[in-house]
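User: Could you walk me through this one? I'd like to start with the overall layout and then go into some details.

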Amino acid sequence: MPIPLIPGAAYGVAALLLPLLIAQPPRAETILVSNEKDNTITVIDGATLKITHTVPVGERPRGIVLSRDGTQLYVCAGDSDRIDVLDLATWRVVHHLPSGSDPELLALHPDGKRLYVANEDDNLVTVVDVQQRAVLTEIPVGVEPEGMGLSPDGRFLVNTSETTNMAHMIDTGSGEIVANVLVGARPRAAVWEADGKRFWVSAEIGGTVSVIDAEAQSVTGTVEFSVPGVPREAVQPVGMVFSADGALAYVALGPSNRVAVVDTRSLEVQRYLLVGQRVWNVALSPDGKRVFTTNGVSNDMSVIDTATHRVTHSVPVGRAPWGVVVKR
Amino acid sequence: MPAVRALALVLALLAAAPAIAAEAVLTVGYLGLSVPRVMPNTYLDPPPEDEGIQGARLGAADNNTTGRFTGQRFLLEERVVADPEGVAPALRELQAGGIRLVVADLPAAQLLEVADLPEAAGLTLLNVRAPDDALRNESCRRDVLHLLPSRAMQADALGQFLAARRWRNILLISGPAEGDKLYAEAIRRTARKFQLRIVAEKPWTFDPGARRTDTGHYGIAAEVARFTQGLPSHDVVVVADENGDWGDDVAWRTAEPRPVAGTQGLVPTSWARPHEQWGATQLQRRFRARTQRWMLPRDHAAWLALRAVGEAATRARSTEPEAVAARMRAAGFELAGFKGVPLSFRDWDGQLRQPVLLASDRSLVSVSPQPGFQHQFSELDTLGTDKPETRCQFR
């Protein structure tokens with residue numbers, strides 16, 4: 001059951017009923033959340049924010065990504081050492097992909113064939129062919145590979161390694177590392193801006209986001225966070241997503257329970273939005289109007305209205321929700 | 001002038017370039033004193049012979065994975081001696097071999113002995129074994145960094161937890177070993193600090209010695225019940241038994257039903273088996289895959305020591321021991337230790353500031369500092385000896 005959040009008491013009962021009374025525009029989108037501790041994927045209808053399916057998958061599902069045609073979901077099942085392929089019509093796991101040990105996060109190449117998987121235990125990025133269902137190659141990277149970000153043209157993969165504290169730029173053509181950029185402590189996510197000129201890397205322990213110029217292969221800006229009343233140590237940037245027009249970035253700040261709204265030009269934080277506990281990952285709706293967050297400790301998904309920057313709903317999902325993607 | 005500057009810049013770049021192209025090597029020493037193993041009360045967890053050094057080896061391996069990208073290579077030169085007399089010669093050997101950073105897996109007495117050797121001048125010692133508060137206070141040395149939390153930090157971590165839960169009245173039982181007395185002293189200091197009350201204090205003198213006989217449990221139960229009878233009302237029993245000789249025998253046998261904490265029961269510690277938060281699962285797995293055993297606090301401290309060296313070398317872009325040692329102590333140094341927050345060294349006593357876990361055998365119960373224990377600079381400094389109260393005057 002989605003719980004509508006009322007911004008102020010003054011809105012009263014009318015406001016409480018508003019979301020129910022006003023006919024919502026039809027939203028075909030479906031939100032998919034991986035639940036690390038339940039070994040399930042929660043499927044949420046975008047229009048009603050009601051759970052339609054809870055699908056059992058392999059153990060410790062974290063990173064999830066949609067196939068190019070949107071008919072399948074690739075799920076890193078870390079403790080099962082495999083990737084589950086979930087069919088989104090029948091809601092069944094139809095087959096597995098080899099992944100190497102303990103897959104955590106993945107990224108799909110624009111060609112729709114090559115899947116790049118971070119193997120936390122082996123210091124490797126495994127490249128899997130999703131059609132052949134076979135490992136193409138393995139690329140040695142730093143200690144505890146984590147974040148995976150493909151440039152929009154698919155030329156470069158950025159992989160972060162949590163204990164090495166680097167973003168590795170990998171040429172997807174040659175499979176070679178072309179640059180290693182030192183970032184803040186315990187880097188997590190790597191996401192590219194739409195024009196492919198810069199990518200952002202969040203550092204969980206460093207408490208910052210490094211903005212890296214892809215051409216220069218160096219850090220050109222750093223986003224700093226300061227949440228009033230929250231100890232600096234609790235501000236741990238993890239998942240990030242850009243607004244549809246690219247003007248803003250939404251950065252999940254972990255146990256500070258906030259999502260920061262960052263101006264992508266000035267790199268200044270515009271505001272902090274209070275969401276659920278230990279907010280980990282974020283996803284944007286296809287129409288750009290909503291941001292969905294997974295809150296790992298409060299076991300819910302928050303919904304942010306990008307027009308008003310209000311947190312409008314909290315949807316209880318499974319235990320320790322981790323990844324989130326939106327299917328059109 | 002600008003031409004000179006430009007030339008200097010070119011030279012600097014030329015000088016820096018080979019450091020990346022060719023491999024720069026930093027050798028870290030590991031100096032250990034192996035102590036004859038004493039089997040603790042429980043036979044379930046026999047102490048491994050390689051505690052500590054396995055953590056250092058994993059730390060070096062992790063550093064080298066990073067080093068592949070930075071052109072840095074880390075070697076570990078191991079010297080583990082069985083005789084306290086052999087510690088000083090082993091240090092001299094390491095020093096003569098050009099080593100300037102040494103992981104010290106030594107009891108306090110030997111640590112001080114080697115720290116005060118003339119050959120130790122210019123060396124940095126990374127203490128991974130001795131939790132003694134004296135080493136962070138009156139006996140502190142400028143060139144010793146402490147990776148393991150001090151007894152005061154452990155006691156404060158527990159004290160904050162007890163205060164937060166309002167379990168303010170403590171029965172303190174301490175054993176006969178020197179470490180037990182120091183642990184009990186740390187608990188007393190914590191009690192004063194957080195306004196807890198030690199309502200009764202008793203030394204443990206009973207040696208059951210018969211736990212393998214068929215009715216051994218009966219004797220222990222009867223003895224603990226007698227031992228804890230007729231005492232002032234208390235909320236919790238705190239035991240000080242660092243060797244694990246009897247502390248596990250207290251729980252469930254007290255006259256009043258009271259939880260047990262301290263060296264057994266709910267244990268304040270830098271590392272514990274149930275810890276899997278903040279990515280700790282990865283370190284636990286990596287360690288187990290290598291060693292076929294669990295990571296212990298000393299392993300974790302030694303891993304941290306190597307990682308501190310590696311992190312400083314990465315950030316300083318140098319494998320010069322002086323540059324690395326300076327970077328470790330510099331403001332802004334941040335070490336990730338699977339505790340959810342950046343760790344750094346206190347400049348007043350060389351202690352690594354870090355959260356302390358509170359764990360029972362199979363469950364991570366809490367992590368201190370507890371919410372609400374505020375600090376002007378870092379909440380981590382609510383644990384252990386803070387700057388205004390330090391008795392350390394570096395020499």
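User: How far apart do the C-alpha centres of domain 1 and domain 2 of chain B lie?

Analyst: They lie 31 Å apart, with the bounds taken from an automatic or database domain assignment. This is a predicted model, in which local features need pLDDT of at least 70 and side-chain atom pairs count only at pLDDT 80 or more, while totals for chains, interfaces and linings use all residues. Residues are numbered from 1 along each chain as its sequence is written, and chains are lettered from A and ligands numbered from 1 in the order in which they are written.

User: And which residues make up each domain of chain B?

Analyst: Domain 1 of chain B covers 18-149 + 272-354, and domain 2 covers 152-267. The contact between them takes eight residues from domain 1 and 11 residues from domain 2, where contact requires C-beta atoms, placed from the backbone, within 7 Å.

User: OK, switching to helix H4 of chain B: which residues are buried there?

Analyst: In H4(B), residues 108-115, the buried ones are Gln110(B), Leu111(B), Val114(B) and Ala115(B); buried requires 20 or more other C-beta atoms within 10 Å of the residue's own, with C-beta atoms placed from the backbone. Seen down the axis of H4(B), they fall within an arc of 135° and so line one face of the helix, the arc being that of the directions from the helix axis to the C-beta atoms.

User: What covers them?

Analyst: The cover includes strands E1 (24-33), E3 (101-105), E4 (124-127) and E5 (144-146), together with helix H3 (87-96), of chain B. Helices (H or I, at least four residues) and strands (E, at least two) are DSSP runs, numbered from the N terminus.

Terms used. Buried ≥ 20, exposed ≤ 12 C-beta atoms within 10 Å, placed from the backbone. Contact = placed C-beta atoms within 7 Å.
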